[in-house]
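Please look through the sequence and the model shown here.

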Amino acid sequence: MSTDRDPAGRGTGERGYEARASGSGTGAGAPPAPATGVRPAPDTGVPPAARTGARSGAPAGTPGPGPAPRADRRAPADGGLGALAGLLGGHRHPRPVPGGSTTAHELAVRHRLLLALSALLTLSLFVSYEGVHGDADPLRTSSAPAVLSIDTALYALGEAERDAGAATPTSDFQKQISVAAQSLAAAAGDNVGGPSGRQALQTVAALITVYAVKVQQAQLQPDGSALRQAYLSYATSILTDKGSGILARLKVLQTQQRAAVHRQTSFGPLLWLCWAVTLVIALALAGCLLETQLFLRRRFRRRYNRGLLAAGALLAAGLAVTLLFTVWTHQGMTDTRRLLDRRLTGPAITDAGRETAAHLAHTGFRASAAGGILIGGVLVMALAETGLRRHIDEYRFRPR
């Protein structure tokens with residue numbers, strides 16, 4: 001029987017298929033292939049079941065006919081989240097594959113840790129710094145001068161009381177009354193005690209005016225007359241009454257202002273905790289910068305990373321400056337509190353004013369440095385980002 005063949009010698013059409021199925025392509029006398037109901041592959045003459053090792057009557061569970069699964073194709077380790085992130089346009093750092101390189105993962109971890117510690121340190125240092133320096137300028141411009149003004153008014157009124165019994169009006173009495181009135185006006189300008197404090201000072205100023213008028217009226221009366229004694233008695237009650245007298249009201253205001261000074265100069269447990277947390281975070285950030293520098297030196301054979309070195313230098317310098325400013329300011333505030341706690345009279349008030357100004361000098365400038373903390377924190381983060389970005393870009397994950 002003749003069959004149609006293609007140039008390669010393979011049968012074409014149905015007759016070629018029958019010839020191969022009957023074994024004519026394998027040599028004369030070859031036994032016919034068993035009927036399996038599966039069309040043999042056109043190029044080998046062997047059924048797919050024979051290529052996969054399956055045979056008729058194989059036990060259950062043996063792979064049947066059909067294409068064998070590829071041994072090198074495995075399920076993704078992340079459950080398909082990587083493909084989903086790629087479809088959604090997201091970006092995530094790859095986890096290290098067992099036996100593969102972990103550089104990309106380790107760089108990503110250090111990058112996130114440096115940025116997080118820098119942000120935490122900036123916030124903590126700013127809050128701690130403001131807790132000390134935020135009260136320094138009000139103490140210098142308001143609280144301390146108010147205490148000294150009230151001390152001056154009390155001393156001047158005491159001197160005026162001694163001159164009130166003179167037989168004739170004296171210039172010393174008028175001088176002391178003027179000093180007391182000016183001191184109260186200065187205290188009111190320092191916003192003593194808020195609105196209630198200003199109202200109390202206005203009341204005291206009005207009482208001082210009444211006191212001065214009654215003393216002057218008494219001095220115009222003959223010495224030893226009953227009317228003179230009545231005017232002096234009334235003036236004395238206005239000045240020294242324990243419940244509503246001028247001196248009693250001023251002493252209440254003085255106590256309130258000294259309490260305000262104590263609040264502004266105190267370094268309580270909360271501030272200690274804030275500074276302790278700040279120092280711990282600063283040490284952690286310094287250690288992370290050093291460890292990252294050593295990691296890059298070991299992994300990339302580069303001796304120094306300029307970005308990380310600059311970040312470390314800025315961290316050390318900024319922390320040293322803020323600590324030094326804080327110690328100076330707190331020491332000046334403590335000395336001021338000790339100075340104002342004692343009773344001041346006469347020339348001691350003037351000396352205390354000069355010493356207070358010296359103790360609190362430059363506190364306004366140091367308080368304004370709080371804005372530099374925020375700028376420095378941003379610079380540290382930028383330098384850390386610059387130092388790691390080039391290496392992260394080298395190992396950036398690109399989904400296939």
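Two residues are in contact when heavy atoms of theirs lie within 4.5 Å of each other. The model is a predicted one. With that cut-off, Q176 touches A156, E159 and A160, leaving out residues up to four places away in sequence. Q176 itself belongs to helix α6, which runs over residues 171-189. Its relative accessible area is 16%, so Q176 is buried, the limit being under 20%.

The side chains of E159 and R162 meet with an N to O distance of 2.4 Å. Both sit in helix α5, and because they are three residues apart, about one helical turn separates them.

With a relative accessible area of 35%, E161 is partly exposed. Apart from residues up to four places away in sequence, E161 touches Y211, T236, L239 and T240. Of these, Y211 is 50 residues from E161 in sequence, and the C-alpha atoms of the two are 9.8 Å apart in space.

Helix α12 covers residues 347-359. Its 13 residues, at 1.5 Å a residue, should span 18 Å, and the C-alpha atoms at its ends are 19 Å apart, which agrees. Which residues of α12 are buried? They are I349, A352 and T356. These residues cover an arc of only 55° around the axis, so they lie on the same side of α12. What they pack against is α5 (136-163) and α11 (306-341). The face of α12 turned away from this buried side carries the exposed residues P347, R354 and A358.

R354 on that outward face has a relative accessible area of 53%. R354 forms a salt bridge with D351, and the closest N and O atoms are 2.3 Å apart. The two residues are three apart in helix α12, so they are separated by about one helical turn. D351, at 34% relative accessibility, counts as partly exposed.

Helix α11, one of the two helices that the buried residues of α12 pack against, contains T322. At 8% relative accessibility, T322 counts as buried. A polar atom of the T322 side chain lies 3.0 Å from the backbone oxygen of G318. Leaving aside neighbours within four places in sequence, T322 is in contact with L125, Y129 and I373.

How many salt bridges does a search of the whole structure find? There are five. Among them is the one between E291 and R110, whose side chains meet at 2.7 Å, N to O. E291 is partly exposed at 34% relative accessibility, while R110 is buried at 14%.

Terms used
Residues numbered from 1 in each chain as written. Predicted model: local features only at pLDDT ≥ 70, side-chain atom pairs only at ≥ 80, totals over all residues. Heavy atoms only, no water. Helix = DSSP H or I, 4+ residues; strand = E, 2+ residues; numbered from the N terminus. Expected span 1.5 Å × (residues − 1). Buried < 20%, exposed > 50% of the residue type's maximum accessible area, 1.4 Å probe, protein only. Arc of directions from axis to C-beta. Polar contact = N/O pair within 3.5 Å; in protein donor to acceptor, adjacent residues only side chain to side chain. Salt bridge = Lys/Arg side-chain N within 4 Å of Asp/Glu carboxyl O.
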